[in-house]
Amino acid sequence: MDQLFPVVYGKLKLLARKHLRAERGDHTLSPTALVHEAFLRLVDQDGVSWESQSHFYGIATLAMRRILVDHARRRTAGKRSRQLQVTLDDASPIASADPSAEILAVDEALAELAGHDPRAARLVTLRYFGGLTIEEAAKVMAVSPATAKRDWILARAWLQRALG
Amino acid sequence: MISNTDWPRLRELFDQLVDLPRAEQAPRLEQLSAGDAWLREEVGSLLAASRTAGDRFDRVPDLPDDFGDFGPDDPSVGTRIGPYRIAREIGRGGMGAVFEAFRDDDAYTKRVAIKMVPADRVTPLVLKRFHHERQILARLEHKNIAALLDGGVTGDGRPWFAMECVEGERIDHYCDRQRLGVRDRLQLVRQVCAAVHYAHQNLVVHRDLKPSNVLVGPNGTVKLLDFGIAKLVDPGEPEPDLTETGTLPMTTSYASPEQLRGEPVSTTSDLYSLGVLLYELLAGRPPYLFGNLPILEIRQRMLEETPLAPSLVAEPNTAPVSELTRTRAGELDHIVLMALRKEPARRYASAEQLADDLLRFTAGQPVRAQPDSFGYRATKFAARNRAAVAAVAVIFVTLVGGLAVTLGQMRAGERERARTDVVNRFLQEVMLANAMDGGAGGGQRTISDALDAASVRLVSEELAGFPEVRATLQQIIGTSYLSIGRYQQGETHLQAALATQLPLLGEDHLETIKTGRSLAKVALVRADYAAAEAFFVRHLDRLRREERAGRLPTSSLVESLNDYALGRRAVGDAEAAEALLREALALQPRVPAVAQGAIKVIETLLILVQLDQGKLDAAEADARRLVERLRAGPYTASNEMAAGLTILGSILMEQGRLDESRARLREAEALYRRIFDPDYLPTHDNLRLQAQVAYLDGRTADGVALIDQVLANYRKFSKPQYISFATALTVQGQLLYAQGRLPEAERVMGEALALRRENLPAGHFMAALTEGALGELLVAAGRYAEAESLLVASKAALRQSQATANPRTRLAEARLAALYRAWGKPAP
């Protein structure tokens with residue numbers, strides 16, 4: 001694992017905590033916004049130097065994924081019964097339920113995909129957990145946009161099949 | 001399950017089919033999967049999912065409302081880290097949090113300490129250091145170093161490692177709680193040395209040695225911890241840049257001067273920190289005490305000041321080192337101070353050598369450490385005062401080199417003015433000012449060396465044609481010698497100056513009188529009170545007039561009044577002494593700020609006058625106030641401070657507060673030794689008082705060693721008439737008496753009493769004190785009648801001369817009462 005991973009991980013968590021304390025009323029906070037904010041803070045205030053911006057996003061999206069998943073896990077551990085009820089009542093259960101359930105399901109499906117196709121799994125991490133476009137993700141992964149596009153089509157199908 | 005060998009086929013098929021129109025996909029799949037039902041099923045379901053997925057995963061998930069509420073970052077009780085289960089947090093610092101943890105998946109339960117970077121301290125630098133520590137620990141395997149056992153990375157990417165969990169207590173706390181003596185403390189420090197030496201052999205410098213990083217286990221085994229900022233000195237292995245701003249997070253009190261300066265650190269830097277640790281364990285306090293001083297000042301002092309010897313600052317009776325005799329403590333002082341030297345190259349070369357010297361000390365063998373010489377300390381002083389030194393050097397060149405030529409071209413009147421100008425500048429601004437503070441010399445030379453060099457040039461032919469100039473210079477140089485305690489050289493120069501001045505200028509020329517003034521000082525040191533008296537009787541009024549006319553600095557007159565007062569006191573004329581001192585004190589407003597030290601000395605002597613009258617409480621109050629004022633001002637490390645502390649120590653001794661007395665006297669001694677030549681008379685007056693404290697305290701061996709040294713010094717410079725000589729003999733007699741050597745004790749005290757009677761007026765309290773001491777001895781010898789006459793006279797004289805209710809008179813009364821009890825005779 002990259003030595004800077006824990007640094008980025010810590011910064012993302014710190015920022016998320018800060019936003020929570022500020023009791024955000026709007027819904028502007030997103031993983032993408034957090035990752036960008038972390039980048040600016042680390043470069044400007046902490047003087048962390050990166051090999052490249054891609055280097056940062058590669059680490060930050062991984063960290064974001066871990067944070068989202070850990071948080072979702074913590075949350076669902078306490079709310080299992082309620083979630084079950086929602087699933088019974090609703091025709092499209094996961095989409096309308098707590099985002100935590102979907103996050104956990106995506107993470108699980110990705111873990112399996114990574115066993116077969118690590119590049120495609122990585123692409124999902126960059127896109128779904130980090131909000132990068134296909135072109136941005138291709139740059140981070142140092143592949144052509146066309147390749148990234150093909151990976152994306154497969155990964156998307158994989159997730160859809162897994163999550164139903 | 002899809003095996004990885006199947007995946008490339010699956011992926012290839014999917015990629016081929018996904019772009020086809022939906023109607024064509026099924027037939028193509030059927031065809032291409034070639035009867036592989038499993039493959040057809042997998043690809044088919046993925047193609048179907050691909051059609052329904054849409055942009056569902058194109059956007060990031062919404063964040064739950066409570067995103068940001070993550071719970072604690074650092075492992076709480078019960079959390080697993082690697083194979084370990086966290087039991088509790090042991091400690092936390094900037095560099096790492098340490099947890100106690102157990103490995104319980106084995107057949108047995110193993111206890112470890114897990115260290116990891118605290119979540120709120122995760123920065124690239126901290127992580128780098130952490131990895132670095134782990135690498136360093138991995139190469140160290142020693143019974144006195146906590147061993148590395150395991151390591152890994154947590155879920156959030158933070159590295160951790162497990163170490164042997166040391167059951168133990170900080171070395172300083174352990175020593176104090178167990179009330180360990182010096183021997184046991186040294187044994188522990190030798191273990192620390194062993195660990196440090198081993199690390200050094202493995203090219204690791206610890207860089208953060210301090211008590212909290214040295215634990216002692218219940219079986220007395222030392223474990224060295226925390227290599228968090230350790231450094232590899234292996235030239236083949238580049239050190240990662242662990243410093244951001246050039247400073248490391250080491251603890252200032254234990255940092256070596258080179259660390260404080262941000263200079264390269266070597267194994268000898270650890271030796272310095274070991275020295276600080278050793279110092280604390282022996283003296284019960286750190287080498288430097290700074291209170292609330294600003295940090296820059298603290299740093300400056302740590303870089304410049306030599307710490308006082310541990311035995312000199314240790315609290316008597318409570319500090320471990322106080323259990324040793326003075327001689328033994330002195331050897332240990334040398335060891336500690338050698339480790340604490342400012343220059344890495346002058347410390348012990350290795351921790352092993354330090355351990356070896358400690359072992360030698362314990363075994364009673366001579367230690368290798370040697371004290372810094374006086375000359376060396378003076379050199380350091382000169383190096384610290386470059387500006388002053390440069391000024392001295394310039395004036396020396398002007399005076400001794402070019403002046404002769406210049407003077408030769410001048411007319412008589414001009415020549416006189418030039419001489420006065422240059423000489424006065426030299427005398428007042430540079431030479432004396434620096435000499436009083438401890439000396440300064442040209443370049444790397446000491447004041448002593450500078451004076452010696454100047455002496456040589458004085459007799460060269462350069463000044464042959466100008467004897468009166470040479471005489472003035474000799475007078476200045478001679479006076480400077482006196483001011484650092486080199487009496488012999490001082491007297492030689494002053495006599496030579498006088499020999500020139502008397503025929504050339506006459507007895508009443510101011511230059512001649514100035515030389516006489518300094519010679520009177522020599523006479524006082526030599527206890528030639530009559531000679532000093534003769535000078536002052538004849539010339540004091542002249543000095544007063546010259547001062548008023550502005551031709552003599554006020555501080556010079558103050559010094560002369562001071563000297564004359566001491567002379568009068570020495571022959572028992574307390575009244576005249578006090579009058580002279582009061583006259584000097586009244587001159588204070590005219591004394592410039594830089595020379596106010598002379599006034600402080602007058603204040604000290606006025607306290608002495610009170611003490612002579614037996615007014616101990618008043619004297620104590622004044623002495624304490626004086627010392628407090630000196631501590632606040634620019635005199636913290638001065639001759640004046642030493643004098644003030646010495647008189648306070650002397651008062652406390654007579655009041656029976658021996659511990660405090662010894663502490664003050666030793667503080668003063670340390671200052672004297674730092675500033676003056678070892679032969680300086682006041683240093684030995686101080687030691688005499690310490691011998692007296694040792695006698696009163698029952699530390700007879702210490703007392704004897706001290707008093708022998710003092711008497712040897714007194715005999716070297718002074719006639720037996722020196723007022724303190726008889727006092728020293730009395731103390732020696734008392735110490736001999738304490739050793740049971742009655743005949744020798746009686747002989748020595750008899751000699752003291754004879755000197756008193758010869759040199760002091762009848763009924764003088766000092767004679768009475770000696771009579772009392774001798775009387776007590778005679779009581780012990782059973783010679784009651786002789787004792788009675790002495791003790792009765794002593795009591796009467798003290799009642800007459802001393803204030804009411806003072807310890808001296810009370811002692812005399814108690815001695816007399818004891819006599820009659822022993823004699824079996826009712827008191828008259």
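Strand S3 of chain B, spanning residues 97-103, is largely enclosed by the rest of the structure, because five of its seven residues are buried. The description here rests on a predicted model. On one side of the pairing scheme comes strand S2 (residues 84-92) of chain B, which is joined to S3(B) by seven bridges in an antiparallel arrangement. Within this pair, Gly91(B) has Val98(B) of S3(B) as its bridge partner. Strand S4 of chain B, residues 110-116, is likewise antiparallel to S3(B), and seven bridges link the two.

His539(B) lies in helix H20 of chain B, which covers residues 529-548. With a relative accessibility of 7%, His539(B) falls under the 20% limit and therefore counts as buried. Once neighbours within four places in sequence are set aside, the contacts of His539(B) are with Glu507(B), Asp508(B) and Ile513(B).

These local details can be set against the chain as a whole. Chain B contains 33 helices and eleven strands, S3(B) and helix H20 being among the elements described above. Of the 828 residues in chain B, 54% are buried. Among contacts in chain B with a separation of 6 or more, 64% are between residues 24 or more positions apart.

How values were computed. Residues numbered from 1 in each chain as written. Chains lettered and ligands numbered in written order. Predicted model: local features only at pLDDT ≥ 70, side-chain atom pairs only at ≥ 80, totals over all residues. Heavy atoms only, no water. Helix = DSSP H or I, 4+ residues; strand = E, 2+ residues; numbered from the N terminus. Buried < 20%, exposed > 50% of the residue type's maximum accessible area, 1.4 Å probe, protein only. Contact = heavy atoms within 4.5 Å. Pairing = 2+ DSSP bridges.
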